[in-house]
Amino acid sequence: MKHYIKIIILLMLVITSCKSNKNIVNEGDVASISTKKIINNHYNNDFNKKTISAKMNTRYTDKSTSVNFSIKLRLEKDKTIWMSATKLGFPVAKVKITPNRVSYYEKLDGTYFDGDFSLLSKWLGTELDFNKVQNILLGQAVLNLKKEKYDSKIDHKLYQISPVKENQLFGILFFLNPDNFKINRQEIRNPAKQQLLSVSYPSYKKIKGELFPDDINIRAIDSLNLTTINIEYRSVEFNENLTFPFDIPNGYKEIRLK
């Protein structure tokens, strides 16, 4: 799998199972409020536009490679996520995701996939779906925090949310900004496999009344291997009429799950 496909796939990371209601202790100037209020405030600041058209600079680094790409993103909320990656102005890969389907192709290898989320889930070792991918791009919690029970506390002047009942395989933490209740960082841990995924949002800016991430930083640790992806939104437009062109070229080889 080429590095540009890893970039697009890892753009869509974060994961699994979880679980609200304990008062927290004051730390500095961060107000002590209930877990329920923290979660409600997060969803009161949910993304509220119909579409996104954005351009992003992306840097991918692992133990042997460091490479830059440009990505065009088009998103129709709850319906379609489309991404096209280029290097030095030349197209290298394209992805289209709908609630029931993941399709992509890469040009240098001449390969493609057209199916459900099983391939992404296999590559990443966890279950993915459309909502999780969408929420990562928007700076929202990947899980529905209103469905299960969570505890909270103040940690380094952030609200930390964690499940009351830990999953046996995964641990998950959410860190929320006290000023706007948007996600500052989301972490998924799999201690048995020595895996850690951290997706952080260093800053947000207001675009046409909407708080939107400036950057997305991804750290993926698998045993002793560290992969980092730094994404910078260069331009963002909302509520435009979008198209999502996607045709797998003839002669490409299909990737099949075993």
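Is K208 buried or exposed? K208 is exposed, with a relative accessible area of 57%. Exposed means over 50%, buried means under 20%, and partly exposed is in between (1.4 Å probe, protein chains only).

1. **Ground rules.** This is a predicted model, in which local features need pLDDT of at least 70, side-chain atom pairs count only at pLDDT 80 or more, and totals for chains, interfaces and linings use all residues. Residues are numbered from 1 along each chain as its sequence is written, and side-chain values use heavy atoms, with hydrogens and water left out.

2. **K208 in its loop.** Look at K208 again. Its place is the loop between strand 12 and strand 13. Strands here are DSSP runs (E, at least two residues), and helices are too (H or I, at least four residues); both are numbered from the N terminus. K208 is not a glycine, although its phi is positive, at about 50 degrees.

3. **The K208 salt bridge.** K208 and E237 form a salt bridge, and their closest N and O atoms are 3.3 Å apart. The term needs a side-chain nitrogen of Lys or Arg within 4 Å of a carboxyl oxygen of Asp or Glu. This pair links distant parts of the chain: E237 is in strand 15, and the two residues are 29 residues apart. E237 counts as partly exposed, at 34% relative accessibility.

4. **Other salt bridges.** The structure holds five salt bridges. One of them joins the side chains of R101 and D114, at 3.0 Å from N to O. R101 lies in strand 5 (residues 101–106) and D114 in strand 6 (residues 111–115), so the bridge ties together parts 13 residues apart in sequence. R101 is partly exposed at 39% relative accessibility, and D114 is partly exposed at 30%. Another salt bridge pairs D214 with K205, with 3.5 Å between the closest N and O atoms. K205 is partly exposed, at 30% relative accessibility.

5. **Aromatic pairs.** The whole structure has nine aromatic pairs. Rings of Phe, Tyr and Trp (its six-membered ring) pair if their centres lie within 6.5 Å; planes under 30 degrees apart count as stacked, over 60 as edge-to-face and the rest as tilted. Take Y150 and F174: their ring centres are 6.4 Å apart and their planes are at 70 degrees, so this pair is edge-to-face. The pair links distant parts of the chain, with Y150 in strand 7 (residues 150–155) and F174 in strand 9 (residues 171–176), 24 residues apart. Both Y150 and F174 are buried.

6. F212 is in strand 13 (residues 210–213) and F238 in strand 15 (residues 225–238), 26 residues apart. F212 is buried, with a relative accessible area of 0%. F238 is buried at 6%. F47, F212, Y233 and F238 form one aromatic cluster.

7. **Charges over rings.** The charged end of R74 sits over the ring of W82, 4.5 Å from the ring centre. The charged end of K87 sits over the ring of F69, at 5.5 Å from the centre. The test is that NZ of Lys or CZ of Arg is within 6 Å of the ring centre and within 35 degrees of the ring normal.

8. **F181.** F181 is not a glycine, yet its phi is positive, at about 60 degrees. F181 is found in the loop between strand 9 and strand 10 (183–190). F181 is buried, with a relative accessible area of 12%.
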